[in-house]
Every structure is written in structure tokens, then in C-alpha cells.
Amino acid sequence: MFVLKVACLCLSVAVVFGENNQQNSSDRSATIFQSCIAETKLSGDALKGFRSMSIPKTQAEKCMMGCLMRKVNVINKGKFSVEEATKVAQKYYGTNETMMKKAKDLIDVCAKKAQSTTEECALAGIVTTCIVEEAQKAGLAGGPGSRSRRTVSPKFRRNSM
């Protein structure tokens with residue numbers, strides 16, 4: 001999908017927004033991830049669940065996702081950023097107009113659902129769940145849990161973790 005191979009999505013997002021240098025991008029992603037682990041005090045078991053790239057279920061997983069989304073501005077001042085999510089989709093799908101249309105439609109649906117809260121952890125849970133569900137409905141390849149990378153632009157693939 002794009003925004004977030006959900007858990008690693010935000011780490012990948014950090015790479016997309018970051019530098020062209022793969023080492024710097026990897027370092028930045030690791031720094032963001034580690035800072036969110038420290039901030040949310042995510043335990044070893046919760047971290048394993050988070051890394052499984054499923055929809056965050058526990059409060060700790062939602063808060064970790066919220067932290068990652070905030071660090072890359074997908075969540076900004078308690079709101080889901082349509083602009084930043086669209087940038088991520090653009091980096092992920094490139095010039096594939098069909099996939100971008102689906103991604104923009106998904107972002108719009110999720111933005112409406114995300115208006116119900118400004119609390120970061122809850123917001124991250126809503127956005128992540130919406131993205132996964134809407135991506136499945138839209139047939140967007142490469143979504144959370146998917147091993148397919150056929151629709152991923154080569155630039156993103158090269159820089160992702």
C-alpha cells in the first residue's frame with residue numbers, strides 16, 4: 001500500500017521524506033523508531049506485535065504508530081494530514097495515475113474517519129485501520145501483510161527498510 005506498510009510504513013515514510021543517501025535514510029529511520037520506542041515505552045512483547053505489521057490492537061501499539069506518524073508529519077497537531085499522506089502515496093506510486101487515484105480516494109475516506117478524535121494514539125488506530133481496510137477494498141497492492149512489491153516505485157524500494 002503506501003502510508004504505512006502500517007508498522008514499517010512510518011519508518012518507510014521517514015525514508016521517503018528524508019535523504020537520497022540510503023545510509024542516512026536508514027539511520028534516520030532507526031533514530032525515529034528508537035525515539036518512539038523510548039517515548040512510548042513499548043515493551044518487548046508489544047514490540048514483537050507491532051513489528052508483525054498488523055493493525056495495532058493494543059494501546060501501546062497505537063501509541064507507537066501515533067508517535068511514528070507524528071515524527072513524519074502524517075499526524076500533525078492532532079490531525080491526520082491529507083497533504084503529507086498524499087506525499088507518501090506520490091513517493092510510493094510515482095506516476096501510476098490509477099494507483100494514485102485509488103490512494104487519494106483512500107486518504108480522503110480515512111481523513112473523514114480521522115476527524116472523530118485528536119488524541120494521537122486513538123487517531124493512529126483509526127487511520128491505520130482505515131488505511132488497511134480501504135486498501136483491501138480498493139485492491140491496492142503491497143498493503144500491510146502483503147509481500148507484493150510490484151506497484152512500489154523503484155526509488156522507494158531502494159530506500160525502504
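Predicted model: local features only at pLDDT ≥ 70, side-chain atom pairs only at ≥ 80, totals over all residues.
Me: What makes Cys 36 and Cys 67 a disulfide?

Reply: A disulfide requires cysteine sulfur atoms within 2.5 Å. The sulfur atoms of Cys 36 and Cys 67 are 2.0 Å apart, so the pair meets that criterion.

Me: Why is the disulfide of Cys 36 and Cys 67 called left-handed?

Reply: The torsion about its S-S bond is about -80 degrees, and the disulfide is therefore left-handed. Cys 36 belongs to helix α2 and Cys 67 to helix α4, so the pair ties together parts that are 31 residues apart in sequence.

Me: Why does Cys 63 count as buried?

Reply: Buried means under 20% relative accessible area. Cys 63 has 16% relative accessibility and therefore counts as buried. Its partner in a disulfide is Cys 121, which is buried with a relative accessible area of 9%.

Me: How do you know that the length of helix α6 agrees with its number of residues?

Reply: At 1.5 Å a residue, the 18 residues of α6 should span 26 Å; the end C-alpha atoms lie 25 Å apart, which agrees.

Me: What places the buried residues of α6 on the same side?

Reply: The buried residues are Met 99, Met 100, Ala 103, Leu 106, Ile 107, Cys 110, Ala 111 and Ala 114. They cover an arc of only 140 degrees around the axis, so they lie on the same side of α6. Glu 97, Thr 98 and Lys 112 are exposed on the other side. The cover over the buried residues includes β2, α5 and α7.

Note on methods:
Residues numbered from 1 in each chain as written. Heavy atoms only, no water. Helix = DSSP H or I, 4+ residues; strand = E, 2+ residues; numbered from the N terminus. Expected span 1.5 Å × (residues − 1). Buried < 20%, exposed > 50% of the residue type's maximum accessible area, 1.4 Å probe, protein only. Arc of directions from axis to C-beta. Contact = heavy atoms within 4.5 Å.
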